Amino acid sequence: MKRKLFIAAGALALVGLIAGILVYFFVYNKPHKDYLKAEPEFTVEALALFEEFRADQAAASAMYNGKVIAVTGALTSVEQNDSFTVAVFEIDEGMFGSEGIRFTMLPESKDKIISQAPGTTLTIKGFCTGYNETDVILEHCSLVE
Amino acid sequence: MKQLTALFLLTILSLASVNAQKYITKNGHIRFFSTTPMEDIEAHNRQVNSALDQQTGEFVFRVLMKSFQFEKALMQEHFNENYVESDKFPNATFTGKVSNINDVPFDKNGVYPVNVEGDLTIKGITKKISEKGTLEIREGKVYGKSTFNVLLADYGIKVPAAVANNIARSIQIDVDVTLEKLAK
């Protein structure tokens, strides 16, 4: 009887340990989303997206924030420094300079975006984080080919 | 006629100086850092909008909460969903001014200590803050830096008991912006 109890307790402890390890790896340490492979929920024109945010920020935020979207527009410039590469679709000129859509590129997509000539029409997908009164921001972006 | 010419020149000059007053960036960097004996947590946002008015000292920051990147996906999820509720409050803002802007000679390279005062809004709650920092003038650019602490409770951010030992009550905020003259 004692032995059975002992085995049962041991089995329970083992299950607990395995559950703990699983939780650690799949919940606590779960990886970030693979944005390179993510399918966009929406595909929109840059001008239409920008105007949606400018006309009704709350409605556009509810629609796009936190989602992977693909945006088509003309590349204005690519800004670079040691820690990031940002592609810009300029749409308007405001009080604080250019306004439009800004895409922080994934490191894997850096070379591809740098080789694009300004003025080229491109589709870039990424995770929309919102509108900061001048620009719509997308993070973890890559070129859609 | 001479008077008219003088007036014309004066207008042009004043317009030019108005245009030369603003310094901006769209790639500002804000890092926040929480440290406890249990765990260190940090996050970075490199798409921070900021503008500084050279003459009035007005200083504005706009930060999208969902742009903060954490090392662990789970922390990022908790931050957005439970702590700052970024679906409901997508932006954090600071609107204020450099109170001693006249002590900063924008035409002379150097590092100048500044006081920044104004309204910090996080999660829809606005608090007055007054913090120290530096503005460095180097080759026509303005490098702004400041480190200060924010109490989570001030902005209605509650830490659940289960992780109470993992998250500091006072979070360190590092601001690092390279502002460039707004070209018109």
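Start with Asp135(A) and Lys26(B): in this predicted model, their side chains meet in a salt bridge, with 2.5 Å from N to O. Between chain B and chain A the count is two salt bridges, so there is another to look for besides this pair, given that a Lys or Arg side-chain nitrogen within 4 Å of an Asp or Glu carboxyl oxygen qualifies. Polar contacts also link the chains, with 15 residue pairs found across the interface, both partners being at pLDDT 80 or more.

Sorted by type, the side of chain B that touches chain A holds nine nonpolar, seven polar and ten charged residues.

Now step back to the whole interface. Here 26 residues of chain B are in contact with 35 residues of chain A. About 2,500 Å² is buried between the two chains, and carbon and sulfur atoms give 51% of that area. On the chain B side, Lys26(B), Gln47(B) and Lys66(B) lose the most area to chain A, together 24% of what that side buries.

Finally, take a look at Glu81(B), which lies in helix H2 of chain B. Is Glu81(B) buried or exposed? Glu81(B) counts as exposed because its relative accessibility is 52%, and the cut-off for exposed is over 50%. Its C-alpha atom is separated by 15 Å from that of Tyr155(B), a residue 74 positions away along the chain.

Notes: Residues numbered from 1 in each chain as written. Chains lettered and ligands numbered in written order. Predicted model: local features only at pLDDT ≥ 70, side-chain atom pairs only at ≥ 80, totals over all residues. Heavy atoms only, no water. Contact = heavy atoms within 4.5 Å. Buried area = accessible area lost by both parts, 1.4 Å probe. Polar contact = N/O pair within 3.5 Å; in protein donor to acceptor, adjacent residues only side chain to side chain. Nonpolar A, V, L, I, M, F, W, Y, C, P; charged D, E, K, R; others polar. Helix = DSSP H or I, 4+ residues; strand = E, 2+ residues; numbered from the N terminus. Buried < 20%, exposed > 50% of the residue type's maximum accessible area, 1.4 Å probe, protein only.
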